[in-house]
Amino acid sequence: MIGSYRSFIKKLFNILIHFLQNKKIIIFGTGSLSEKLSLNCNFAEIAYYIDNNKKKWGTHFMGVEVKDPRNLLTENKEDIVIIVASQYFKDISLQLNTFGFVENIHYIDGSILGDIDFNLI
């Protein structure tokens, strides 16, 4: 059973790597899930974090700058992947959709990655 789980995780990892290849990675959220993803996904460099809390803009989280969500409007949609690392995925998804982003093309729900330690693969 463990072997098939490990095989599944490796396949998931390969899909993720392909999805992220040559993309700027942006994490939406600066909470515990963001921290967990940042530590577990050390195979990818995070360009910056996004947060709706104005007090966090211009500060640093995990050593990387936190920016205003409107900053996403300056990005080329085809060059980025947004990982939503928040319990408010539905609300953030609506926000990203109003910016012209499409789920599973430009952004993904980071909660599906939260429990996987990619460092063990």
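Me: Which residue lies over the face of Phe-101, and at what distance from the ring centre?

Reply: The model is a predicted one. In it, Lys-77 is placed over the face of Phe-101, 5.0 Å from the ring centre. A second case involves Tyr-48, whose face has Lys-67 over it at 4.3 Å from the ring centre.

Me: How many aromatic pairs does a search of the whole structure find?

Reply: The search of the whole structure gives two aromatic pairs. Tyr-49 and Phe-61 are edge-to-face, with 5.0 Å from centre to centre and 80° between the planes. Tyr-49 belongs to strand S2 and Phe-61 to strand S3, so this pair ties together parts 12 residues apart in sequence. Both Tyr-49 and Phe-61 are buried. For Phe-89 and Tyr-107, the centres are 6.2 Å apart and the planes stand at 50°, so the pair counts as tilted. Because Phe-89 lies in helix H3 and Tyr-107 in strand S6, parts that are 18 residues apart in sequence are tied together.

Me: Why does Tyr-107 count as buried?

Reply: Tyr-107 counts as buried because its relative accessibility is 0%. Phe-89 has a relative accessible area of 13% and is also buried, since the cut-off for buried is under 20%.

Me: Which residues have the most contacts inside the largest nonpolar core?

Reply: In soluble globular proteins, nonpolar side chains tend to be buried together. Here the largest nonpolar core has 28 residues, and those with the most contacts inside it are Leu-72, Ile-82, Val-84, Leu-96 and Phe-101. Among the elements that give two or more residues to this core are strand S1 (24–28), helix H2 (32–40) and strand S5 (80–84). S5 gives the most, with five residues. Leaving aside residues up to four places away in sequence, Ile-82 touches several residues, including Ile-26, Phe-28, Leu-72, Leu-96, Phe-101 and Tyr-107.

Me: Is Asn-104 buried or exposed?

Reply: Asn-104 counts as exposed because its relative accessibility is 53%. Met-62, at 38%, counts as partly exposed.

Notes. Residues numbered from 1 in each chain as written. Predicted model: local features only at pLDDT ≥ 70, side-chain atom pairs only at ≥ 80, totals over all residues. Heavy atoms only, no water. Buried < 20%, exposed > 50% of the residue type's maximum accessible area, 1.4 Å probe, protein only. Core = buried A, V, L, I, M, F, W, Y, C linked by side-chain atoms within 4.5 Å. Helix = DSSP H or I, 4+ residues; strand = E, 2+ residues; numbered from the N terminus. Contact = heavy atoms within 4.5 Å. Phe/Tyr/Trp six-rings, centres within 6.5 Å; stacked < 30°, edge-to-face > 60°. Lys NZ or Arg CZ within 6 Å of the ring centre and 35° of its normal.
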